[in-house]
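Dear colleague,

I am passing on the structure we talked about, and below it you will find a short account of what came out of the analysis. Please look through it beside the model itself.

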Amino acid sequence: MKKLIFLLVVLAMKAVAQDSNTISITTSNAALIFKVGNNKRIYQSYFGSKLSNAAYPDKRIEAYVSGGMDFEFEPAIAVAHIDGNPSLELLYQRHKVENHSDGSVETDIFLKDMVYQTAVTLHFLSFPEQDVIKSWVSIQNNEKKEILLNNYASAMLHFNADQYWLTQFHGDWAKEMRLQEHQLTSGIKIIDSKLGTRANKYQSQHFFLTTGSQPATEDAGELIAGTLAWTGNFKYLFEIDNKNLLHLSAGINNYASTYHLQSGETFTAPAFIFTYSNKGKGLASRNLHNWARKYAVLDGEQGRLTLLNNWEATGFKFDQQKLTSLFDDAKKLDVDLFLLDDGWFGEKYPRDNATTGLGDWKVDKKKLPDGISYLVKSATDKGIKFGIWIEPEMVNPKSELYEKHPDWVLKLPNRAENYQRNQLVLDLINPKVQDFVFKVVDDLFQQNPNLAFIKWDCNRTITNGYSPYLKNNQTHLYIEYTKAFYAILDRVRKKYPHVPIMLCSGGGGRADYGAMKYFTEFWPSDDTDGQERIYIQWGYSYFFPANTIAAHVTSWGKQSLKFRTDVAMMDKLGYDIDISHFSKEELLFSQQAINNYKRFSPIIFQGNLYRLASPYEGNRAVLMYSDQSKNKAILFAYNLSSRYREVFSPVRLQGLNPLKQYQIKEINLMPNVKSAIAGNNKTFTGEYLMNIGIEVSKTNQEPLTSVVLEITATN
Ligand code: GLA
């Protein structure tokens, strides 16, 4: 008996010892497990599906690898000390777990180099219900002199599988978010941006990484979806080593950005956000949408304003009379808001085209003699809200601002100025410039308290970058610029917490969760051709909820107005088109579509998205949103370049209750056009719709046609 008790005590002690050496970051379905080694280093022992009995394998790869020690591959952090020693040995000190009142759980693991005293904290914020983890580090210089941070990834994750597949998104102006999928091979694959502002112009910071014998599909496969909350240069490094392990590090791009961390200072890296799914990309997207609406997007659980924008209809050519007539058009359409775009400002150098006036945020009296307040008032009198475009980070050399403050721009000494769209980037790092930019926004609101919306644009990247303000610290340029951008937005949001602001960047050059806590939506692309937009919006839908993806009906593209409207309706609907060219039927159709949209936008914005047929895999795109209670859903089906007599099989729906009956009704039809969908006005069980499916695209239907179905539970 004594022996047995002794054995039990020993076993219990062992379990306790093991427990105190184990740090578990978990969500409802995922687990990221760390172990503290006898040498006090911290190891990732497991990342994947959460197990019910917590019996995780004991594989050990150093969790957050530092350069200069014994790791033979790319480290997550590389530090050089004042004595030239380029290494860091991070040893476990303690960890802390805290439950936050918003449902998230924070785990901080404190590590320290015992010789040099520099400390690194690994932060993990898990959102159990949404299956999302945010991970970042802070680096504290406890040494007597400055240290050089040569690399400072936000997070490192290790994977152990036979094969790895990367789904990445790339593009350029008017061709954003094109999906590419390929197998990773041994060595390093980097996806990064060196563009500073407009950082997503070529590469996006959103990706899927699948482990398994083929890339994950919508409904199957084990993967993570990852994204970085940073509106500047980013870098993802995927390295497959000699043992076929994959090491992923994610963070700010260290390109030209060695950071001098002074004694006593702390460097905090932005959060890498990821969700784990073992049921394909669809679930990963829904996890991110649920998380983003609740935690990451400004007013993510609120509605959005439908609008009429004048950019595509008028460009820079408008006057007071034209604008007030457009208010009538907005009213006719019954949208919520009129958005005045570029071209309303400039006194000495009127903004009549893209070469002048940027930076001079005073109204152009020749175009608008009674000023902005007159426009706000006259729109308000007509029963619509008023919003305005600004691009406050930029300046045209032909402007009063540049004449007054030539030292307020980023430009290299001893080199020619380098323009994109005839403009330069302001040196936001200079606090005086921050005050100026804040004042641009503040003055607009002070002078026009009823101003209801802002479109914040950013039309160039940083090239030839040099901040006169930073002087000898130019390697801080990219990081400090982004921080300054946030500092301004912090001030704006402190004073104006809820005014909707659209993040725009010459189309979709900026779309990230670092910015989205200040913005209600983003402009995904200047390309509003209905067919192109399907791919662009499809790409963003993997990572962002529909209420953040602005989608406007314009005159780009040769498709019918119905097709372009149906495309814009799958996200945050707006108009940017001269409606005086609409036929009677088109106007009536648009009015009905907006009415439908008002009914359905709560489901589109807050429901669950199911992508049912990918435009990358066939000649059509089909997706649906269903509400959380599974009582109402809306389905969008777009025929792309469908061939003559192409046969489209029935589509199995998702997100319904198998036991309920649902009535199918085609909506958004042109006046006097009858539905050609066989199931129109018929009732099916959820089980039928999800297992057998219904026809949503007619054989012989023209290419570039579309169908919108309303799906309503009847019991
Ligand atoms: C950028 C935006 C457009 C429009 C123009 C105005 O290109 O993406 O939507 O606002 O600027 O100059």
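Ser-135 sits within strand E9, which covers residues 132-140. Leaving aside residues up to four places away in sequence, Ser-135 touches His-123, Phe-124, Ser-154, Ala-155, Pro-270, Ala-271, Phe-272 and Phe-274.

**The protein as a whole**

The protein contains 12 helices and 37 strands. Its radius of gyration is 27 Å, close to the 27 Å that the globule rule gives for 715 residues, so the protein is as compact as a globular protein of that length. Of the 715 residues, 61% are buried, and among contacts with a separation of 6 or more, 67% are between residues 24 or more positions apart. The exposed surface comes to about 28,200 Å², with carbon and sulfur atoms supplying 50% of it. As for charge, there are 79 positive and 77 negative charges, whose mean positions lie 2 Å apart.

**Where to be careful**

The average pLDDT is 96, and 97% of the residues score at least 70. Over residues 6-18, however, pLDDT stays under 50, and the model has zero contacts beyond four places in sequence for them. Where pLDDT is low, the predicted coordinates should not be read in detail.

Technical notes: Residues numbered from 1 in each chain as written. Predicted model: local features only at pLDDT ≥ 70, side-chain atom pairs only at ≥ 80, totals over all residues. Heavy atoms only, no water. Helix = DSSP H or I, 4+ residues; strand = E, 2+ residues; numbered from the N terminus. Rg over C-alpha atoms; globule rule 2.2 N^0.38 Å. Buried < 20%, exposed > 50% of the residue type's maximum accessible area, 1.4 Å probe, protein only. Contact = heavy atoms within 4.5 Å. Areas by Shrake-Rupley, 256 points an atom, 1.4 Å probe, with all protein chains shown as cover. Lys, Arg positive; Asp, Glu negative; His and termini not counted. Charge placed at Lys NZ, Arg CZ, Asp CG, Glu CD. pLDDT = per-residue confidence, 0-100.
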